[in-house]
Every structure is written in structure tokens, then in C-alpha cells.
Amino acid sequence: MTVLRQTRLEKIVADYCDGWLPINNPRADWPSAIKQLREAEKQKGRKHLSLSLFGAPVLEDVLHQLIELGFERLLFPLPPAPRDTVMPMIDKYAKVMAKMR
């Protein structure tokens, strides 16, 4: 995502949305995107919008960084798969989140 496109996206979110739920991209520059969003909010006279992230990585240090940036909800992905595939993933997510408390 180019900076120009990213800046435009944050302005649209600040104009029309009550929150933002981007899909995680490992190449995303979240600090820059959040900074641009907060600047766009100020320009529009808006309060801080709610932030969620779909596809959050299961890495404690990265999750802490995302929370510090202002993400309120971090959503972990689950595939449309049988129980034997999905349940171990849920257990892993639960263990990581228990450590985060």
C-alpha cells in the first residue's frame, strides 16, 4: 500500500466511519497508518475511532505493540476447517491471550 493510498484511506475512515477494521498485512506500517488516522480525525473534529485488526499475529511482542498503538480488538484467523484443525488453533490463541492479561 503506497503512502498516498494509505493517507487517502485514513481520511475516508475519519470522514465516514465510527471505527476501522483493517486486515493485517505483515508489510503494513501500522504506526504510520494510525498516526495518519489520528491526524485525519483531528482535522475532522472527531474523537478517536475504535480500532480492530483482523488476522492478528500470534506473537506476544507484536500483540503488545498493536495494543500500544491503540488497537482495542485483535482478531485471530480461523480457517473453515474440521474441528480437529480449528480446536488446537483456538487453544493456542487462548494460551497467548492468557499470558497477555
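This is a predicted model: local features need pLDDT of at least 70, side-chain atom pairs count only at pLDDT 80 or more; totals for chains, interfaces and linings use all residues.
**Core.** The largest nonpolar core has 18 residues. Trp20, Trp30, Leu63, Phe71 and Leu74 have the most contacts inside this core. Four helices and strands, namely α2, β2 (50-54), α3 (60-69) and α4 (83-100), each supply at least two of the core residues. The most comes from α2, which gives 4 residues. In soluble globular proteins, nonpolar side chains tend to be buried together.

Leu63 deserves a separate entry. Setting aside residues up to four places away in sequence, Leu63 touches Ala56, Pro57, Leu74, Phe76, Val96 and Met100. Among these partners is Leu74, itself listed with the most contacts inside the core.

**Surface.** Leu21 sits in the loop between β1 (19-20) and α2.

**Two residues in numbers.** Glu41 belongs to helix α2 (residues 30-44). Beyond its neighbours within four places in sequence, Glu41 is in contact with Ala14, Arg46, Lys47, His48 and Leu49.

| Residue | Relative accessible area | Class |
|---|---|---|
| Glu41 | 1% | buried |
| Leu21 | 51% | exposed |

Glu41 counts as buried because its relative accessible area of 1% is under the 20% cut-off. Leu21 counts as exposed because its relative accessible area of 51% is over the 50% cut-off.

Technical notes: Residues are numbered from 1 along each chain as its sequence is written. Side-chain values use heavy atoms; hydrogens and water are left out. Buried means under 20% relative accessible area, exposed over 50%, partly exposed in between (1.4 Å probe, protein chains only). Contact means heavy atoms within 4.5 Å. A nonpolar core is a set of buried Ala, Val, Leu, Ile, Met, Phe, Trp, Tyr and Cys residues joined through side-chain atoms within 4.5 Å.
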